[in-house]
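Dear colleague,

My notes on what was found in it follow directly after.

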Amino acid sequence: MSARSLVRTLVAAVAMFAVSALAGTPAQAQQGAVTGTVVQANNQQPLDAAQVVVQGTGLGTITDSDGSYRITGVPAGQHTVRVQLVGYSTASRTITVQGGQATTVDFELQQSAVEMEQIVVTGTGTGGVQQRKLGNTIGSISTDELANAPTASVTEMLTAREPGLSVLSSSGMSTEGSRIRIRGATSLSQSNEPLVYIDGVRINSGGGFAGGADAGAEGAGASSRLDDLPPGAIERIEVLKGAAAATLYGTEASNGVIQIFTKSGREGAARWNFEVEQGFEFMPTNRLIPHAGFARNQDQLTRMRERWNAPDLQLYEPIERMLLDDFDETG
């Protein structure tokens, strides 16, 4: 190759490099960077592993041990930078990114308590567990939601409050125990009642007649021990659904578990709640047929005249009386 050919080759190579460099300059000029630090608001301590995201771009990173971060390749223009870290409130700021420049955005995060619906106490002794990591379904009923609801018993607090949980009245008698079912009946011969724990202590939740071991569990014919607990003393109720509850509480928990947590003292100034309750009971007798009869002989006539205070009553003369009116009154 001659000297002139070598010179031409070098000139062409330099020209192609210059063209490619000039062609890449506008694209690079349309991108910038976002840098800054993330610290705790009250003591200015750097926060490690905080997630920093430029929303709408798919770009993000996490902070280093000194709280610093850097995101490159951010398109020029207005963007929203969002920072979040477990245990701290989320912070967002809107910035304008200049092409070829680095925009500094610092954040100060406030400490924030984790919401209770995200943490569930499973009763295994290992403390709180994130709900999404549980192998079973746990529903929570907070008494704060029932502050203005007319609930006079625990079974009324459970009625229609949680999907899959049903409370069935036995016969409508006053103070009678109700049947509680979680996801329906599971056995034809055994009890279908869930286990009930109050502050970690197992209780007999149902009433029943004296006959039959399962009568108490089915809760028919007698007052429910579960309703002996005043609703005002309950802080929250957790319902553990499904057969997976047996892994925590044994085979008897195959029908589910109901955990009741009562209120306890709290720090701070004293607070007083004043409540007034009033009620009454009566038996409607206007739809009942009066009892009727007559005397067939003189002995019956004598007794009926004295019993019903009817001195003019005669043999075979019908007499009617409302017997329940003498035994029933408004309570």
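**Findings**

Met283, Leu288 and Leu324 together make a nonpolar surface patch of about 240 Å². Please note that the model is a predicted one. Leu288 counts as partly exposed because its relative accessible area is 38%, which falls between the limits of 20% for buried and 50% for exposed.

A search for aromatic pairs returned a count of 1. The pair consists of Phe294 and Tyr316, whose rings are tilted, with 5.9 Å from centre to centre and 35 degrees between the planes. Phe294 sits in the loop between S18 and H5, and Tyr316 in the loop between H5 and strand S19 (319–321), so the pair ties together parts that are 22 residues apart in sequence. As for accessibility, Phe294 is partly exposed, at a relative accessible area of 33%, whereas Tyr316 is exposed, at 53%.

Helix H5 itself covers residues 298–307. At its start, a side-chain oxygen of Asn297 comes to within 3.2 Å of the backbone nitrogen of Asp299. Just after H5, Asn309 adopts a positive phi of about 55 degrees.

The salt bridges likewise come to a count of 1. Here the side chains of Arg236 and Glu238 meet, with a distance of 3.2 Å from N to O. Are these two residues buried or exposed? Arg236 is buried, with a relative accessible area of 17%, and Glu238 is also buried, with a value of 5%. Both are classed in this way because their values are under 20%.

Lastly, there is a strand pairing to report. Strand S2 (residues 51–54) and strand S3 (residues 59–62) run antiparallel and are joined by 4 bridges. In this arrangement, Gln51 of S2 stands opposite Ile62 in S3. The two strands form a hairpin with 4 residues between them. In the turn, Gly56 has a positive phi of about 85 degrees.

With kind regards

Definitions and conventions: Residues numbered from 1 in each chain as written. Predicted model: local features only at pLDDT ≥ 70, side-chain atom pairs only at ≥ 80, totals over all residues. Heavy atoms only, no water. Polar contact = N/O pair within 3.5 Å; in protein donor to acceptor, adjacent residues only side chain to side chain. Patch = residues over 30% accessible without salt bridge, like charges linked within 9 Å, V, L, I, M, F, W, Y side chains within 5 Å. Areas by Shrake-Rupley, 256 points an atom, 1.4 Å probe, with all protein chains shown as cover. Salt bridge = Lys/Arg side-chain N within 4 Å of Asp/Glu carboxyl O. Buried < 20%, exposed > 50% of the residue type's maximum accessible area, 1.4 Å probe, protein only. Pairing = 2+ DSSP bridges. Phe/Tyr/Trp six-rings, centres within 6.5 Å; stacked < 30°, edge-to-face > 60°.
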